[in-house]
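I opened my notebook today to look around one protein chain. Come along and check each entry against the picture.

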Amino acid sequence: PTSAQLSVVPHSGKFRYTLDSDVLSTEQRQFYEDNGYLLIKKLVSDEDIERFRKEFMRICKREVKPPGVMIMKDESLKSQFGQSEKVVNKVQDFQEDEELFRYCTLPEVLKYVECFTGPNIMAMHTMLINKLPDSDNQTFLHPMHQDLHYFPFRPASRIVCAWTAMESAHQDNGCLVVQPGTHKTALKPHGYPQWEGKTNKLFHGLLDEDEKIPKVHLVMEKGDTVFFHPLLIHGSGINRTSGFRKSISCHFASSECHYIDVKNTTQEHLEKELEEMVRKKYNATSVELKDIWNFRARLVQGERINL
């Protein structure tokens, strides 16, 4: 099921990953329970997507410089194309850009988010991805991974990603690939894949990928939005077309989630890498993982409690 149908009867008890509301049908809740994702067709309007695209272009051209935003580029293309969308592959942490942050506040998105997080909603991690044409060196192949690897807060079932296609996404231009049902597994060890010269900063992947688990390519049209669990194993292929594949996404969490200490866990090496990056960028002497997430997080709805 991909479109919203109203459910009149609440179904408590049997669902682990969704909360009772009249937004998701029983079939949709069961689909998410079994698979760890739910695709809703045509959720975000063309008009909104066009506004996000225009703001992305302004950021690429440095017409606007939102505080805290991290712009990731393919440096090898810079001399050829200068400051343009042909170089920028990701705008991350756009929570202080009022135009892009509108995505996180869209009522049509939030009504679904609330089914996973409850009413007190934080935007924790924001990204606009511009997958560049990449048929030769596979620079922007994103290895299969679990997003929870990056997050020092729990419980996982009160975190959800909303990912909206800004244009048609299919196998040729590197659509999302998911392994249904893997949200029921534990967080697995991640690291840099053994690809010669093809690793992007923080593009961690599973160290031991089970190739036997079936993969599903999420073919999506402009405005289609997928909601998925942070333990769902997913990734994306390379863009074999001459165009760009844009998407906008936000990881939402209940503000009642709590921070955890990742020392002596599989996430510890990521903590060190992130802290080192932030220290260099801001010339800070001491910074903790919790500080980084406090800085990125922004209240969307309800009350800010723990995060």
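This is a predicted model: local features need pLDDT of at least 70, side-chain atom pairs count only at pLDDT 80 or more; totals for chains, interfaces and linings use all residues.

I began with Cys-115: is it buried or exposed? Cys-115 has a relative accessible area of 1%, so it counts as buried, the cut-off being under 20%. I then looked up Cys-175, which is buried with a relative accessible area of 1%. Next I searched for disulfides and counted zero.

The mean pLDDT of the chain is 87, and 86% of the residues reach 70 or more. Residues 1–11 have a pLDDT below 50, though in the model this stretch has 28 contacts beyond near neighbours in sequence.

Then I turned to Thr-182. Where is it placed? I found Thr-182 in the loop between β8 (176–178) and β9 (190–191). Its relative accessibility is 3%, so I noted Thr-182 as buried, again because the cut-off is under 20%. What does Thr-182 touch, leaving out residues up to four places away in sequence? My list reads Gln-146, Ile-213, Leu-231, Leu-232 and Ile-233.

Last, I stepped back to the whole chain. I counted seven helices and 16 strands. Of the 307 residues, 55% are buried. I also looked at contacts between residues at least 6 apart in sequence: 81% of them join residues at least 24 apart. For the surface, I wrote down an accessible area of about 13,700 Å², with 50% of it belonging to carbon and sulfur atoms.

Technical notes: Residues are numbered from 1 along each chain as its sequence is written. Side-chain values use heavy atoms; hydrogens and water are left out. pLDDT is the predictor's confidence in each residue, from 0 to 100. Contact means heavy atoms within 4.5 Å. A disulfide is a pair of cysteine sulfur atoms within 2.5 Å. Buried means under 20% relative accessible area, exposed over 50%, partly exposed in between (1.4 Å probe, protein chains only). Helices (H or I, at least four residues) and strands (E, at least two) are DSSP runs, numbered from the N terminus. Accessible areas come from the Shrake-Rupley method with a 1.4 Å probe; for residues, only the protein chains shown count as cover.
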